[in-house]
Amino acid sequence: FTYQVDKKTVTILRGDDGLQKAPISNSFHKFDMFFEQLVWNIENPHLSFGFLPNNFQGEAYFESNDFYNAGRAAAIREGGTESVSLTQKLNEYYLANAKQPFTVVDFAKYIKFLAVELRPTIFKLAIFGMIYFDSETDMITVRQRLFDYMGNAKHTHDYDILTIHSVIPGQDNATLNLLNWDLTIHGAKNILLSDTQKVFMFPKGGDVVLKKNRNMEFSGVVASGKFEFHGKDFVFDYEMFKVKMNTIDSIKIFVEANEPDVNGNYPYKKVQTVIENANGELRIDAPKNHSGWGKAPTFPQFQSFKESYSFYDKRQIFKGVYNRDKFYFKLDPFTIDSLDNFRNAGLVFEGAFSSAGIFPTFREKLTLQKDYSLGFIRETPVGGYPIYGGVGNFDREIRLSNKGLRGGGDFTFSAS
């Protein structure tokens, strides 16, 4: 800790030895923060988190207070006492004595070990955020995270895998605004929200704003199973475990190929039609199932809240002749379950088709076509459809796909 009087700047350094490795605990955002230095000019309402100027590593990370995985559990056990679980014994000791802090010596006596044998593992538990340990007084304070860890191992307590890696050499990894407590993290290329449901977020420009209790605001891309959502003003709601998508520029979909490859596998194919101008929310999993331990086969789910559109104005479709202002399919609000394992036949979107006056606007369903576009094949009603405002009549089949609007049937022109 240093204070430069002339610059009115506070600097706090995290070292790389012993307890200096322990993270900075952030109770507002509920993240443990791993970085090298914190810098604050007391006349400026912003704190900067990053690395020393001569350290070009630039990699910081921010770990949820409820983070847990098998690798972490193994790392905590590694190098510890083989005959007992220290996390379990710490839990037992705390429940039996109902007091803290307590000394390493007192705890060692309780489990019949020498204190000197325990201290290396005690240091490790402090670094992993399970306890607070004061090496000068030899005092241990058990953190809530240790009790949660015990529940995680037994799957009686929900946990997550939320870690944000920030890699941005030569720049601040994060900035805390003291006026509204927004913590803006830079250099976050991707963030895994759920490993069981395979949901990732890719913040635009690597920037994400942390709000209270792990809520996040960002723009960019959310990938969930076979869907990609591109847009801005996205909000990750940690408690409800969903992403609110206020402005979705486009939804891109992937499906299984119609034919197997040379190895007999069915690769993914990108649907050639995108859904545009949407908004809605992605429900990643049940709100109390961040870990994915509870089986929830209908998740992840997406629900749109307003009409959206598919257009057919690509250059390769009759050189872009279909003007999107008049030629489009307007999708009704829709809901799709199981975004990671839905069947191709499950892609069905009800709505209305506007053909720039070729036909009257009519209701239809968009489905997956053989060329991997969204379209439809339908018969006209009895008597056919008037075309071009009544100059003629068309009867029989109408087809829409990336091959354009096509028909097979009879044209009858008005005698006038």
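Leaving aside neighbours within four places in sequence, which residues is S308 in contact with? The legends below start with the whole chain and come to the answer in the last view.

**View 1. The whole protein chain, a predicted model.** This is a predicted model, in which local features need pLDDT of at least 70 and side-chain atom pairs count only at pLDDT 80 or more, while totals for chains, interfaces and linings use all residues. Residues are numbered from 1 along each chain as its sequence is written, and side-chain values use heavy atoms, leaving out hydrogens and water. You can look for five helices and 31 strands here; helices (H or I, at least four residues) and strands (E, at least two) are DSSP runs, numbered from the N terminus. Along the principal axes, the C-alpha atoms fill a box of roughly 105 × 55 × 40 Å. The chain has a radius of gyration of 29 Å, whereas a compact globule of 416 residues would have one near 22 Å (taken over C-alpha atoms; the globule rule is 2.2 Å times the number of residues to the power 0.38).

**View 2. An open sheet of four strands.** The strands follow the order β3-β4-β7-β11, with antiparallel pairing; two strands pair if DSSP finds at least two bridges between them. At the edges are β3 (24-26) and β11 (163-167), each pairing on one side only. Strands of a sheet pair through backbone hydrogen bonds, either parallel or antiparallel. Now find β4 (residues 31-34) and β7 (residues 59-64), which are joined in the antiparallel sense over four bridges. Opposite F34 stands Y61 in β7.

**View 3. An open sheet of three strands.** Here the order is β8-β10-β9, and the pairing is antiparallel. The edge strands, β8 (102-103) and β9 (131-134), each pair on one side only. Two bridges link β8 with β10 (residues 139-142) in the antiparallel sense.

View 4. S308 lies in strand β23 (residues 308-311). This residue counts as buried because its relative accessibility is 0%; buried means under 20% relative accessible area, exposed over 50%, and partly exposed in between (1.4 Å probe, protein chains only). Here is the answer to the opening question: beyond its neighbours within four places in sequence, S308 is in contact with I275, E276, N277, A278, F329, K330, L331 and F334. Contact means heavy atoms within 4.5 Å. In the protein chain, buried residues make up 46% of the 416 residues.
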